[in-house]
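Hello,

Here is the structure I said I would pass on.

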Amino acid sequence: MQVFSVLPSASMASVAKFFTSFHVPLLLRPGYYPSFALLHSSSSRFAREDLDRTKDGYADVNWDELGFNVVQTDYMYVMRSPQDGKFTSGELNPYGEITLSPSSGVLNYGQGLFEGLKAYRKGDGNGFMLFRPEENALRMQKGAERMCMPSPSVEQFVHAVKQTVVANKRWVPPPGKGSLYIRPLLMGSGPVLGLAPSPEYTFLVVAVPVGRYFKYCSGTLNLLISDEYHRATPGGTGGIKTISNYGPVLKAQVQAKSKGFADVLFLDSVNKKYLEEAASCNIFIVKGNIISTPATYGTILPGITRKSIIEIARDQGYQVEEKLVSMDEVIDADEIFCTGTAVVLTPVDTITYCGQRFQYNTGIQTVSHRLYNTLAAIQMGNVEDTRGWRLEIED
Ligand SMILES: *Cc1c(COP(=O)(O)O)cnc(C)c1O
């Protein structure tokens, strides 16, 4: 109570000191305290009761009806940075709510990054595969540099991801039914008042079983080009996976969905005529033997799926161009497809721009279909991994 009488006249420094001395040790260091500080007991109870519902090594899930929704799994990985900013070691905790100072950098100033990658169950049922997890680790490092955050090393990142998969293995869907989506988060968890980098950071990894990202039946992926909102600006943060890029696109996405579109596509914010990407996936256009995708000059997220598809397409003899892609070329394309960890490679049926709807080729005769088959086979372990893209995890 004393706090409230002190606060109005207190300097910034004493406010910061108050939070540092009082809130931080109690609320922000579950790794150093019994895990009750981190968890609501109800959620850990849930996990334990749920363990009883395991059949043949699988959680009690209807694997045929997986979408892309929050499912509470058993464990999450937690690693905290001490004051000098270097991450040392983390640990698995039961999945549950985390306690965060109301003054944390992530809540007040959006100092946070996320990643997304998938684990597939191997066809023979023994172990799991990750797709290029080091790339996610490196991308998180780049983003952390831009957001003034320390980041886990590649080894720490990959170790955390592997531990999270193994701890939640009963949630990895059977082969062919989906994957375990892994969501690493890096955030400024320490308290700040004046705008500044957070004094402390938390790296978390959670995992969720997923099926399809877009709820669509084949033949209905319709996208709307936003003529009102933009996702990124030159010099901004469009090229990193900072959490602060996603809240601002919700309005465009909600509006597009309310008109029956699956998602929204953004144009560049300077000329308003070059295609950039969707809210959470990259975009490619196909014209004859030429495949083009917007070049990543800082306003487009450099997708790992995008990079992989560029390599696969070149190996298959297509001419791949990373360049400015104008709306004229979009209108004139034979095929359009999106790429991303969540959507893998999804063909686009129509694009609506300034009230006009343009239709594209889809189906098994397309370039998109051929590229999808190659990528999916590598990710799911159905072909030899000649490029060293798969990381196998022992059961
Ligand atoms: C994550 C993301 C992508 C896709 O990246 P992948 O590494 O292929 O998953 C594309 N665009 C945006 C805006 C993203 O956030």
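Where is Lys272 found? Lys272 sits in the loop between β9 (263-267) and β10 (275-278). Bear in mind that this is a predicted model.

Lys272 also has a backbone angle to look at: its phi is near 55°, a positive value in a residue other than glycine. Cys148 is another case, with phi near 55° and again a positive value in a residue other than glycine. Cys148 belongs to the loop between α5 and α6.

The axes of α5 (residues 133-146) and α6 (residues 154-167) come within 9 Å and cross at roughly 125°. The angle between the two is therefore classed as oblique. The crossing of α5 with α6 is right-handed. On the α5 side, the contact is made by Pro133, Glu134, Asn136, Ala137, Leu138, Met140 and Gln141. Their partners in α6 are Val154, Phe157 and Val158. Sorted by class, this contact has seven nonpolar, two polar and one charged residues.

The last item is the ligand. It is surrounded by 15 residues, and the closest are Lys241, Tyr246, Glu277, Thr305 and Thr341.

- Tyr246: a polar side-chain atom lies 2.4 Å away from a ligand oxygen.
- Thr305: an N or O atom of the side chain is 2.6 Å from a ligand oxygen.
- Lys241: an N or O atom of the side chain is 2.7 Å from a ligand oxygen.

Regards

Methods:
Residues numbered from 1 in each chain as written. Predicted model: local features only at pLDDT ≥ 70, side-chain atom pairs only at ≥ 80, totals over all residues. Heavy atoms only, no water. Axes fitted to C-alpha atoms, helices over the stretch in contact; angles between N-to-C directions. Helix = DSSP H or I, 4+ residues; strand = E, 2+ residues; numbered from the N terminus. Parallel < 35°, antiparallel > 145°, perpendicular 65-115°, else oblique. Left-handed = near helix turned anticlockwise from the far one by under 90°. Contact = heavy atoms within 4.5 Å. Nonpolar A, V, L, I, M, F, W, Y, C, P; charged D, E, K, R; others polar. Near = heavy atom within 4 Å. Polar contact = N/O pair within 3.5 Å; in protein donor to acceptor, adjacent residues only side chain to side chain.
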